[in-house]
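Let's work through a few exercises on a protein model together. Grab a pencil and have a look at the picture first.

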Amino acid sequence: MTHGRCLCGDIHYEVDGPFTIATHCHCSMCRKHHGTPFATWAAAPLAGFRYTKGEDKVGRYASSPGFHRSFCTNCGSAMPEALESAGMVTCPAGSLEGDIGVEPSMHMFVGSKAPWHEITDDLPQYEEFPPQFGMQATPRAEAETTGSDVQGSCLCGEVAYTISGPPLVMYYCHCLRCRLGRSAAHAANVFFKADGLTWLRGAELVRDYQLPEAKFFGAAFCGRCGSKLPRVSLERNVATVPAGSVDNDPGMRVQAHIFVDSKAAWDRITDQVPQFAGMPPR
Ligand SMILES: [Zn+2]
Ligand SMILES: [Zn+2]
Ligand SMILES: [Zn+2]
């Protein structure tokens, strides 16, 4: 049995398993919902899935016909989705604890891959769903952007922002908090000065979750669709921007993998980007 949870701990679930397949998905919906270059999904029989705490805290957004995106309404972590017709549940692997007994075996929707992320492993790649899934992709229009400033939006489109000023640094963080907060292999954050951030619309929908035991750690997300959004620390004048929420180019590529000592057992780092066990040296 495998245990899963959101960042704040309001929601817990169990999966009897076994997990039969895990896939990396680069579709624009996964990128926005998780704020990362891709989401990793692990599938198991639906009959062995149950929420053990906080099912009433699960928010659901209808992302495309027949598909939902589930998330914790308190902290924004993405949660599992039942695929009733297939009798399966598909879990965001970043929310699962320990060894899940299966490794990601493919990349799907690479036709929608983020331009700032490079795939460097040797797993098979599919433009959309792999043929063996027998599923049809729903086309989705990318958000329009104008000008040269970095712009981003959530999956439902109600929240949009722009950031002026140069990006300071970009990290892929593999720490447990980032894995739970993004429900993914790692966070992918671009840092800017906070005073460059302007909400173009939907600022009232942005929810901010602050992890009580941390000085600065938290998550910002759209209360309607659960997509990850920039989080502002006025105290430090820093905006932490989930790269997956960016609609044009974030103006930077990943500078380092950080907290790799905490990475998930199923997560393989295959690129040449510098790695740090914890925080990078100043
Ligand atoms: Zn939560
Ligand atoms: Zn996807
Ligand atoms: Zn939204």
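This is a predicted model: local features need pLDDT of at least 70, side-chain atom pairs count only at pLDDT 80 or more; totals for chains, interfaces and linings use all residues.

Residues are numbered from 1 along each chain as its sequence is written, and chains are lettered from A and ligands numbered from 1 in the order in which they are written.

**Exercise 1.** Find out how many helices and strands the protein chain has.

**Exercise 2.** Work out what percentage of the 282 residues is buried.

*Solution.* Call a residue buried if 20 or more other C-beta atoms, placed from the backbone, lie within 10 Å of its own. In the protein chain, 41% of the 282 residues pass.

**Exercise 3.** Describe how domain 1 and domain 2 touch.

*Solution.* Start with the bounds, which come from an automatic or database domain assignment: domain 1 is 2-133 and domain 2 is 150-262. Next, count residues in contact, meaning their C-beta atoms, placed from the backbone, lie within 7 Å. Domain 1 brings 30 residues and domain 2 brings 31. Finally, check the elements on the domain 1 side: α1 (28-34), β4 (39-45), β6 (58-64) and β7 (67-72) each supply at least two residues, and α1 gives the most, with five.

Key
Helices (H or I, at least four residues) and strands (E, at least two) are DSSP runs, numbered from the N terminus. A residue is buried if 20 or more other C-beta atoms lie within 10 Å of its own, exposed if 12 or fewer, and partly exposed in between; C-beta atoms are placed from the backbone. Two residues are in contact if their C-beta atoms, placed from the backbone, lie within 7 Å.
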